Amino acid sequence: MGSSSRSGGLTIRDVGMVYRRRDQVTTALTGCTLDIPEGGWASLIGASGCGKSTLLRILADIVKPTSGVALVGGVSPAEARSARTFALVSQQSTMLPWRKILANVELGLEVAGVDKAARRRSAEEAIELVGLKGFEQAFPSELSGGMRQRAAIARALTLKPRFLLMDEPFGALDEITREKLNFELLRILKETSATLLLVTHSISEAIILSDTVAVMSPRPGRISHRVEIGFGHDRTNAMRDDPAFGAYEAELRHALHGPASSARPASHPIPAFAIH
Amino acid sequence: MSSLSLADAGATERSESARTRPQINVPLGLILPPALFVIALVGLWAVLSATGVIPRYILPAPDAILNEFIRNYPVLTKHALATMGEAVAGFLIGNIVAVVMAILFSYSGLLKDAFYPFALISRAIPIIAFTPLLVIVLGRGQPPVIAVVSIAVYFPAFLNMMRGLASADVDYHEMLHTLSASRWQRLRIVDWPASLPYLFAALKVSASIAFISALVAEWIGANQGLGYLVVISSQYFKLPTLWAAIIVAAVLTLLLLAIVVILERLLHRWTATAAEL
């Protein structure tokens, strides 16, 4: 890597997004700056409508920012897309209903023009990695939501992406499945050493999967806080019982909702609980 | 872990039933009800005819028509083959042109803007009325009939394909965009499969349109075919021949419809709507 690692991560510099519809101007994002080093894990967290998905979609070259610069591995999102250095996993698994899981997972390599034998091999590897072995010949409608999401992750992994962009990938899943997949994703991230940017509205998911959590505020969408999660990359389920985990949770909750204790008199316990 | 294995068991169970369903049951379930209906209809008809409720010169007895089938078999076959050829050729030409046009229109904004309103308006033109003109241009015989059938079946497929090609979820397009897929890949991978349920809906409608328009066009512009046979036999009061021709036309229509439905079932996974997910 050497010199290229300096700019090899994900960079968002002073990114703004303004929508103009006739005489109405809506500022969706303003002055967003974030640096994620190569191999780093970061999350964007915030209430719906704070622009966190828009920020991710800028990096995925789905929308263009109206101001500022976004870089993926030191190049523009469009160049990164052509070079296929990133993969996007969205909330809906976007499994094509008429394709079997194997064919769906192969899709990325098929589009990239990889020959049949090679893409089959990669797809089978990826399917095994996400724990879907045995379901290659099933149709998406025959799988649960969690399994479809695993398949979507497998499809992303076949591209051997340097950057994984995930837009609430487990947002439609129940808490139990979500947490299980969080820890499986950790394992996969370590195996592939990919850089992760995750959009989520779950505080615990953000802590489990991040070195850096960027908290976003709405109207206009901006990054209001940054919390560094000091757990390193060797994480297990036990991290949830670590007192530091609870401290991070509290810190993020305050960042999201404002500091409850200072905003309200301490002698008045009910609103403080109500905020949680 | 247990929640996962539960889901797994359910998934394999469902996948097995999904795999065995389409092939075996379909043809029987498709053919049996209409067959029963035909038997009941013939029974009623025999009774009405025998009791004289409907006079013989309007509706001959079933045996008279059966006799006609046996006696006039070569003539009926000749005319049936002519009509079938025209209907199927027109069906294929009209639908293929419609699909190609819809693909071109949906991929070229300029083409769509220029021709789409015209395509919609031209739907209101009674195509059959153009048959005499087509006879002048193409000469008497099968070509004008095939032309009428092609134009008549064109619209359902064209309109449905325009909708079908635009029916795929925008999430799929974004997914393909991030994979740097070409327009052609997008058509092949997402838009075309997504449009197939729409196409088959149109094909089922136009299967009967094909035969109806072929028959009517034959009245005007042909010297063979079941439509021609209907006109000639009614002019000579050969009622059994008239009825035999109508029955053959109905059976052929059902046959084409059955082929379309079976094809749809064979493409079951592709023709299922995305709502299944």
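Modeller: Gln24(A), in β2(A), is the bridge partner of Arg21(A). This is a predicted model: local features need pLDDT of at least 70, side-chain atom pairs count only at pLDDT 80 or more, and totals for chains, interfaces and linings use all residues. Residues are numbered from 1 along each chain as its sequence is written, and chains are lettered from A and ligands numbered from 1 in the order in which they are written.

Colleague: How many bridges join β1(A) to β2(A)?

Modeller: Nine, and strand β1 (residues 10–21) runs antiparallel to β2(A). Strands are DSSP runs of E of at least two residues, helices are runs of H or I of at least four, and both are numbered from the N terminus. Two strands pair if DSSP finds at least two bridges between them.

Colleague: What is the strand order of the open sheet?

Modeller: The order is β2-β1-β4 in chain A, with antiparallel pairing. The edge strands, β2 (24–36) and β4 (67–72) of chain A, each pair on one side only.

Colleague: On to domains. Which parts of chain A make up domain 1 and domain 2?

Modeller: Domain 1 covers 38–64 + 75–85 + 161–256, and domain 2 covers 95–160; the bounds come from an automatic or database domain assignment. Their C-alpha centres lie 23 Å apart in chain A.
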